Amino acid sequence: MNMPTANGIPVLGLGTYPLTGLQAVDSVAMAIDMGLRHIDTAQMYGNERDVGRAIANVKRDELFIVTKVDPSNVRSWDFAKSVEKSVYELGGPVDLLLIHWPPADADMDATLDLLAAEKAKGNSKAIGVSNFSAQMMRHAQSRLKGELICNQIEFHPLLDQSKILQQARDVGMALAAYSPLARGAAMEPEIIQAIAKKHGRLPSEIVLRWIIQQGVVAIPMTTKRENLASNLRALTFELPEEDMAAISRIGTRGGRTINPASMAGRWDP
């Protein structure tokens with residue numbers, strides 16, 4: 001499959017949260033069988049070993065594997081040790097290593113330096129962050145002199161992330177959208193339904209196309225072959241500008257589905 005990329009990241013991937021065990025193995029194996037090569041996991045998900053099992057017989061240079069360092073592992077010894085474990089569980093160095101959440105009780109710059117050290121050691125080809133605000137992202141990119149290629153955040157039509165998208169473009173980073181369908185809620189607005197009907201598409205295809213067409217990576221989770229097939233169809237068409245604009249007008253700052261108390265007040269205003 002000739003997959004477009006953003007900063008070298010395939011624009012469509014498979015999210016694996018909250019899958020574990022055989023369900024995770026089967027989902028990843030299904031995705032690979034259907035031509036998807038970008039697989040997203042994390043230490044926090046508890047499924048790196050399962051993902052590793054699913055990809056064990058696939059040539060590593062054909063895959064794009066992403067994992068994230070758990071907030072509990074952001075200090076020096078724990079950081080390095082946890083990444084070594086991730087690399088072992090996943091059967092080799094990853095393509096993209098992220099800090100999963102901004103460190104709440106550890107030094108930000110020290111944590112970023114530890115991330116860069118893992119790339120230097122060869123445990124990851126590229127590095128990035130996740131759940132960083134626009135200000136945090138700008139600081140991190142400056143600290144690491146432009147090495148960061150990605151900030152993975154909640155991104156879908158119900159949540160206005162235009163400020164952070166512009167900031168990402170300004171500092172040379174891609175955004176990756178977790179929860180891109182807002183756990184199904186992003187397909188419900190009347191405008192999404194109307195645009196889907198107009199183009200003869202599923203609402204999920206419209207939502208994913210809106211994300212990808214902005215240059216944002218989408219990583220929806222699914223365990224169903226028919227859903228994955230429709231996700232892949234989001235790569236096969238374009239939305240006219242008037243439809244893109246209409247969808248963009250849905251979003252509000254309060255449209256989050258992932259909003260842990262530890263991040264309260266740290267999001268972009």
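1. Let me start with A134. Setting aside neighbours within four places in sequence, A134 touches I164, Q167 and D268. Bear in mind as you read on that this is a predicted model.

2. Where does A134 sit? Its place is in helix α5, which covers residues 134–143. With a relative accessibility of 3%, A134 counts as buried, because the cut-off for that class is under 20%.

3. Next, a helix pair. The axes of α8 (residues 203–213) and α10 (residues 241–248) come within 11 Å, crossing at roughly 100°. Angles from 65 to 115 degrees count as roughly perpendicular, and α8 and α10 are therefore roughly perpendicular to each other. On the α8 side, the contact is made by I206, W210 and Q213, while α10 contributes E241, M244, I247 and S248. Sorted by class, this contact of α8 with α10 has 4 nonpolar, 2 polar and 1 charged residues.

4. The largest pocket has a volume of about 670 Å³. It is lined by 30 residues, and those closest to its centre are Y17, Y178, S179, R183 and M221.

5. What is the make-up of the lining of the largest pocket by class? It has 15 nonpolar, 13 polar and 2 charged residues. Helix α9 (residues 225–233) supplies the largest share of this lining, with 3 residues.

Conventions
Residues are numbered from 1 along each chain as its sequence is written. This is a predicted model: local features need pLDDT of at least 70, side-chain atom pairs count only at pLDDT 80 or more; totals for chains, interfaces and linings use all residues. Side-chain values use heavy atoms; hydrogens and water are left out. Axes are lines fitted to C-alpha atoms, for helices over the stretch in contact, and angles run from 0 to 180 degrees between N-to-C directions. Helices (H or I, at least four residues) and strands (E, at least two) are DSSP runs, numbered from the N terminus. Angles under 35 degrees count as roughly parallel, over 145 as roughly antiparallel, 65 to 115 as roughly perpendicular and the rest as oblique. Contact means heavy atoms within 4.5 Å. Ala, Val, Leu, Ile, Met, Phe, Trp, Tyr, Cys and Pro count as nonpolar, Asp, Glu, Lys and Arg as charged, and the others, Gly among them, as polar. Buried means under 20% relative accessible area, exposed over 50%, partly exposed in between (1.4 Å probe, protein chains only). On a 1 Å grid over the protein atoms alone, a cavity is a set of points where a 1.4 Å probe fits but cannot get out, and a pocket is an open set with protein on both sides within 12 Å along at least five of seven lines; lining residues have an atom within 4 Å of a point. Grid points are joined across faces, edges and corners, and a volume is the space filled by probe spheres set on the points.
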